[in-house]
Amino acid sequence: MIVQTLEGRRAFIRDNTRLQPTPHTPELSLHLADEITPIWQLTEEALEAIGLPPPFWAFAWAGGQALARYILDHPETVAGKRVIDFATGSGIVAIAAMKAGAASVLAADIDVFCEAAVGLNAQANGVEVAFTDVNLLDTPPPEADVLLAGDICYERPMAEAVMAWLRQGRDAGASVFIGDPGRTYFPKDGLEKLAEYQVPTTRELEDFAVKRTSVWTLP
C-alpha cells in the first residue's frame with residue numbers, strides 16, 4: 001500500500017485533510033479532518049482496509065490545544081530549552097514550543113503516521129521538529145529540559161505509565177507540563193494547576209462543543 005511509505009502517508013494526509021487554523025491557537029495551522037474532508041467520512045473498517053490506525057493526528061484535541069496556548073502565552077517555559085513532546089499526535093504542542101523559541105523539540109509518537117503529520121504541520125508553520133516513533137516509555141526519559149504531554153489519560157494503564165515516566169523526568173531535572181480536559185483517569189494528586197481554558201472542540205470528538213481544559217505541572 002502507498003501509505004506504507006513516508007511520502008505516501010504525506011500524500012494521504014494532504015489529500016484527506018484541510019490546512020486550517022486551530023480554534024484555541026489560531027496563529028497555528030494544521031492539516032486537520034473536519035466535516036468537509038474525506039477522512040471524516042471513513043469508517044473504522046475503511047481505515048483498516050487501507051492500513052491506517054485511528055487518525056488521532058487528524059484532530060486538534062482539547063488538551064493539546066490548551067497546552068499549546070499556554071506555551072505560546074508563556075514562552076519562557078520552553079525558550080532556549082531542549083523539549084520532548086510525548087504522544088505528539090498532530091504536533092500542535094511541539095510546533096507551539098518551537099514557535100515560542102525552544103532550542104529543539106523532539107516529537108514522539110508510536111503511530112508512524114504522526115511523522116508525516118508533524119512534518120507537514122511543522123512546515124506549514126515555518127518550524128522544524130524532530131520526530132521519533134520509538135516507545136519512550138520503555139526507558140527513562142531522554143535528557144531534556146522540558147517534557148510536554150497533552151491528552152494522555154484516556155485509559156488507566158496508559159495514564160499510570162505516562163505519569164510515572166513524567167515523574168522520572170521531573171526527578172532527573174526536567175520541567176513537566178500536561179494538558180488535560182478532565183479525563184477520567186487523570187490524576188490530580190501531586191500536580192499544580194497553572195491555567196484553565198474553555199477550548200472549542202466538536203461533539204464528534206468530545207461530549208461538549210467547548211471543553212474546560214487545564215494545564216498542569218509536576219512541582
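Two strands are said to pair if DSSP finds at least two bridges between them. Strands (E, at least two residues) and helices (H or I, at least four) are DSSP runs, numbered from the N terminus. The model is predicted: local features need pLDDT of at least 70, side-chain atom pairs count only at pLDDT 80 or more, and totals for chains, interfaces and linings use all residues. Residues are numbered from 1 along each chain as its sequence is written, and side-chain values use heavy atoms, with hydrogens and water left out.

The sheet is open and has 7 strands, in the order β5-β4-β3-β6-β7-β9-β8, with mixed pairing. At its edges are β5 (130-132) and β8 (192-200), each pairing on one side only. Strands β3 and β4 (residues 104-108) run parallel and are joined by 5 bridges. Phe 86 stands opposite Ala 108 in β4.

Helix α4 packs on this sheet, touching β3, β4 and β6 (146-150); contact here means heavy atoms within 4.5 Å. The direction of α4 makes about 180° with that of β4. Such angles run from 0 to 180 degrees between N-to-C directions, and axes are lines fitted to C-alpha atoms, for helices over the stretch in contact.

What does α4 meet in α3? Ile 92, Val 93, Ala 96, Ala 97 and Lys 99 of α4 meet residues of α3 including Gly 64, Leu 67 and Ile 71. The axes of α3 (residues 62-73) and α4 come within 8 Å and cross at roughly 5°. The two helices are therefore roughly parallel to each other, a term for angles under 35 degrees.

A pocket is an open set of points, on a 1 Å grid over the protein atoms alone and with a 1.4 Å probe, with protein on both sides within 12 Å along at least five of seven lines; lining residues have an atom within 4 Å of a point. The largest pocket is lined by 30 residues, of which Phe 56, Ala 87, Asp 109, Asp 151 and Met 158 lie nearest its centre. Elements giving two or more residues to this lining are β3 (82-86) and α4 (92-99).

Terms used
Parallel < 35°, antiparallel > 145°, perpendicular 65-115°, else oblique.
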